[in-house]
Amino acid sequence: MSPPASTKVDLFIVGAGPAGLALANWFRGANIKVLIVDKKPGPTPRGQAEGLKSTTNEIFDSYGIGPQVTAESWRLEEIACWGTRKDGGEGIVREQVIPDKVAELGKPRETMLQQSRVEHHMLHNILSHDNIEIRYSTAPISVDVDTSCVHEADTFPVSVSLEKVTTNINTTNGDTTNGTNCHATNGHHINGQNGHQPNEHDAPSDKISAKYIVGCDGARSWLRKQLDVSLEGDLTDSVFGVVDIIPKSNFPDIRRVCYLRAASGTILLVPRSNKEVRMYIPVESGTALPDPKDLTFDRVMDAARKIIAPYTMEVGSVSWWSAYRVRQRVGNHFSRLNERAFLVGDAVHTHSPKAGQGMNTSIQDAYNLGWKLRLTLEGKVRSSGARQDLLRTYESERRPVALDLIAFDKGFLKLFAAPSAQFDTEILQALKFTTGLSIRYPPSCAVQLPKGIEQLGPSLLKADLVPGKRLPDFRVVYQADGVPTWMHQRLSATGQFRVIIFAGDISDSTASKRLHDVGKYLGESKSLKHVVMPQSEQEPLVEVVVVHCAERDLVDLSALPEVYRPWSDESGYDFWRVFADVESVHDGHGRAYERLEIDRQVGCTVVVRPDGYIGAVLEVDDVEGVERYFEGMNV
């Protein structure tokens, strides 16, 4: 049954694909009302995106669905590179096999799981939370933003009209587009195009009032048009087919990731579960490129057979296929209307799917925005100016990522379109780039450089402890029981910051005293006590975590300051905040200090944002630096 007119929600999300569901997962169990609408009749049934990079899998860990996703995913271990024969003969030959590995990660770089299953796990993760509602077969038809009150925290300046729709969804080559027109009061007018025409059977419009609106509605985004955001870039001259098939083939590397280079282009072949493979196939054309809508499955497969010769490639069954022309474009804005409206994922950047970045980048966009909206909606950012400063960092952090991705994609696409003498080197660089090792967010209220340093040098393709980069994942054991864990599995998406103290060898009296002094200061500081110590039964805004490298039997957990093991009347002491970088009983030694290049005698303190990125890197006892960080955040 439709809700009454003018229903109020805190957050209105357009689009229930990977980006919209990833954003909604930030608000599980929060006192924040979220409404998601999607014109589709239900979740994605098949096909679409596939590859999951390690950062995305860490996000799923933080949402509590990592084990389920991992259990269904297909791991990728090796890459086979094939090329034309050096003796001038016909056909392709294997040139080399390399590990699909980035050593700095210490774990698999990429797994395969189709978008429909990714959506399934994210959707079911929020269904039990009654603060989040999802409506399919529902489309926004107008939006109005009252700009006179956008600076006031408790107002609902966004007004949206919704209608139930019956839309012919094209699941092969893209979405249909809905829209009418949109305007904001006080003279701000935005216009769109009407794709859905109501009929006599449509239900009356629902009126929604919201504090924020986010467009996660794909490459043909309705909200992007209403916000008058332009996509800047190119429609390339590259047309590809993508097929998910069970192959009947004598090709020897059919179960490896393969780059198959021939004179007519390069196929990317990726193994999937259930005996299937996915192939991205350049479609041969003459002086005029074919329209993707005119391509047939047989023509795509004929192009594949020409490249894979002398090996055969027949089709046992096909579960999904598509054809597309690559668009490499980035929106000129990621947020509008004083940070009351945002665009996420394909709604604001598009590129080739061959690098496996579409779903990953969309989910990571949403992950970046989600914690900022949560802190804002929970009233944990103290002033209007601070709220806007924090929300502005979504565009300043994620738009450069999209621009870098487009630049990378152009080179990567050329690598597929024609043979390259530097193919092997470029592939190795691509493995690191697509893992996100080069991403470093610029200085802001949420990324603070060390005192006295105004800027850093260029970001390296390296997993390092640098402000603005993602905290490299590492394996340690719990001090209390020796159970091993990866750190990002421990950093649940609750909206909390973490102050991780790499205390060194605390069996040494000097290091032990230093850790005790820091703990006493944090627990008693007037500016920090209320954010690092639990208030009633609520989790603190800042969780203090210790990672030491002493032998566990030389450390008395009960003797540490309470900030490292806070007491709860409901559940007693929290023994899950202190970790040791030592050998585990079954999984070996994580060597976190060595991997992170931390001096075991010196140590350091790292402020980690709720999204797992580094906010500040400080000396181990720089408690004033911790205070400066949160004063700068104004939380």
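Helix α14 is followed by Asn634, whose phi is positive, near 60°. The model is predicted.

**Helix α14**

- Helix α14 spans residues 623-633.
- Its buried residues are Val623, Gly625, Val626, Glu627, Tyr629, Phe630 and Met633.
- An α-helix has 3.6 residues a turn, so residues three or four places apart point the same way.
- Asn634, with its positive phi, comes after this helix.

**Packing of α11 on α14**

- Two packed helices are described by the angle between their axes and the distance between the axes.
- For helix α11 (residues 509-524) and α14, the angle is about 35° and the axes lie 10 Å apart.
- The crossing of α11 past α14 is right-handed.
- On the α11 side, the contact is made by Val518, Tyr521 and Leu522.
- On the α14 side, Val623, Val626 and Glu627 take part.
- Sorted by class, this contact holds five nonpolar residues, one charged residue and no polar ones.
- The α14 residues in this contact, Val623, Val626 and Glu627, are also listed among the buried residues of that helix.

**Thr55**

- Thr55 sits in helix α2, which covers residues 54-63.
- Thr55 counts as buried because its relative accessibility is 8%, and the cut-off for buried is under 20%.
- Leaving aside residues up to four places away in sequence, Thr55 touches Gln364, Thr435 and Arg470.

**Leu113**

- Leu113 lies in the loop between β7 (110-112) and α4 (115-126).
- With a relative accessible area of 4%, Leu113 is buried.
- Leu113 and Leu52 are 61 residues apart along the chain, and their C-alpha atoms are separated by 7.0 Å.
- Leu52 is also one of the residues that Leu113 touches.

**Cysteines**

- A disulfide is a covalent bond between the sulfur atoms of two cysteines.
- Where a disulfide is taken as a pair of cysteine sulfur atoms within 2.5 Å, the count in this model comes to zero.
- Cys149 counts as buried because its relative accessibility is 13%.
- Cys604, at 10% relative accessibility, is likewise counted as buried.

Definitions and conventions: Residues numbered from 1 in each chain as written. Predicted model: local features only at pLDDT ≥ 70, side-chain atom pairs only at ≥ 80, totals over all residues. Heavy atoms only, no water. Buried < 20%, exposed > 50% of the residue type's maximum accessible area, 1.4 Å probe, protein only. Helix = DSSP H or I, 4+ residues; strand = E, 2+ residues; numbered from the N terminus. Contact = heavy atoms within 4.5 Å. Axes fitted to C-alpha atoms, helices over the stretch in contact; angles between N-to-C directions. Left-handed = near helix turned anticlockwise from the far one by under 90°. Nonpolar A, V, L, I, M, F, W, Y, C, P; charged D, E, K, R; others polar.
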